[in-house]
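Let's walk through this structure together, one packing contact at a time. Keep the viewer open as you read.

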Amino acid sequence: MPSTRFLVASAAALAALSGLANAQTNITDNACASSSEYRRCNSDVSGKWSSCIRDCRGDGNCIVDCGCTSHQKYINCMAETCWNQVYSCEYQLFVQQYFAICPSASEPIPFWPAPDNAPNRCSCDLGKVLKTTLSSRNDQVQCMRKVTDRITSNPTDLSNLSNGLDIAGRASDCACCGASASISAAYEICPHTKPTLAGADLWPIFFPDSTENNLYNSIPNWNWAWSSSSCDSRLDTNTCRDLGFSDADKFYKPGDFPDNGTSTLHNVGGTVTAPPSGTVLTWSQSSATYTVTATGYDEKAVASQSEYRATATETGDHFATQTDSNGAIGVRPVGVFAVVFVLIR
């Protein structure tokens, strides 16, 4: 039977998660549809998150679960009282954070990614960049599984030894295609944005460095493959497609990336005047199902946006979570990206 894997946070990760419980209360509330209720809601979530972490008494899995639940409840706060900011850069960044710290996070996430041409949307489609990264991660896992299966299916078969170079080469292809798919997405989707703000640094956060049989570190891991010159010689769009990488549009080689964009993140396209999901939203994650009722809106405005909502939610429910009083965002939250998780058997 396959071994059960679970997630344990390192000491640095636990400290980062604990800090996030307080960091979320710093979200500016004056841009929200119902600022006082948003402030109250966030304060309530923050207090319960801190209490949850204390009750874990240092248990890593418990602390991670606290973070997952709290992020989901922050999303509920946005849906209820700050729905006019759900397509903003701030919310897109918050969803990145949610996926980074919560291993059970899964799509669909309410109001994420923002639909094309949504009002008050981010200048860079951060949701699409992250979706490409997550999809490429899954493709890379499947690609590596096929490689390692060739070895583990019959370890006593000496013919596998003669295929060693081919197996190692295919492992490098998996690693190079996965890394390139993620990084290239930031350049392709947001060509005018600074790559680090667009999500070019997401791949070391979301891409695995080991597989169930621990062979990924030795033949070789993605970090070795990408940092060496091997990806320049191995990367080929057709090869990546043949290996199962289907969602990425480009697979740039390390030496062939376009010039970096220079713009920071900012919100564009007007304002959201009614809850995009309607007055009531129901959404689920692995551990819970939530029903949220929006407040602070004009009933007539809700009705007038019904046609737009049909377009905005065509792939399922979408949502939002952080606000900014001036619109421009020059620095992305970095605390969460210091969180390191270790997968063990």
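Start with helix H3 and helix H4 (residues 89–101), whose axes lie 9 Å apart and pack at an angle of about 160 degrees. Here axes are lines fitted to C-alpha atoms, for helices over the stretch in contact, and angles run from 0 to 180 degrees between N-to-C directions. Helices (H or I, at least four residues) and strands (E, at least two) are DSSP runs, numbered from the N terminus. The angle makes H3 roughly antiparallel to H4, a label given to angles over 145 degrees, while those under 35 count as roughly parallel, 65 to 115 as roughly perpendicular and the rest as oblique.

Before going further, note that this is a predicted model, in which local features need pLDDT of at least 70 and side-chain atom pairs count only at pLDDT 80 or more, while totals for chains, interfaces and linings use all residues. Residues are numbered from 1 along each chain as its sequence is written, and side-chain values use heavy atoms, with hydrogens and water left out.

Which residues of H3 and H4 meet? From H3 come Val-64, Gly-67, Cys-68, His-71, Gln-72, Tyr-74 and Ile-75, and from H4 come Tyr-91, Phe-94, Gln-97, Tyr-98 and Ile-101; contact means heavy atoms within 4.5 Å. By class, this contact of H3 with H4 holds eight nonpolar, four polar and no charged residues. In this scheme Ala, Val, Leu, Ile, Met, Phe, Trp, Tyr, Cys and Pro count as nonpolar, Asp, Glu, Lys and Arg as charged, and the others, Gly among them, as polar.

Among the residues in contact are Tyr-38, Val-45, Trp-49 and Ile-53 of H2, with Ile-63, His-71, Tyr-74 and Met-78 of H3. The contact of H2 with H3 has 13 nonpolar, six polar and four charged residues. In the loop between H2 and H3 sits Arg-57, a residue other than glycine with a positive phi, near 55 degrees.

A cis peptide bond, with omega about 0 degrees, joins Glu-107 to Pro-108. Pro-113 is in the loop between H4 and E2 too, and the bond from Trp-112 to Pro-113 is cis, with omega near -10 degrees.

Further along, strands E4 (residues 280–285) and E5 (residues 288–293) run antiparallel, joined by six bridges; strands pair if DSSP finds at least two bridges between them. A hairpin of two residues connects E4 to E5.

Finally, the chain averages a pLDDT of 75, and 67% of the residues score at least 70; pLDDT is the predictor's confidence in each residue, from 0 to 100. Over residues 210–222 it stays under 50.
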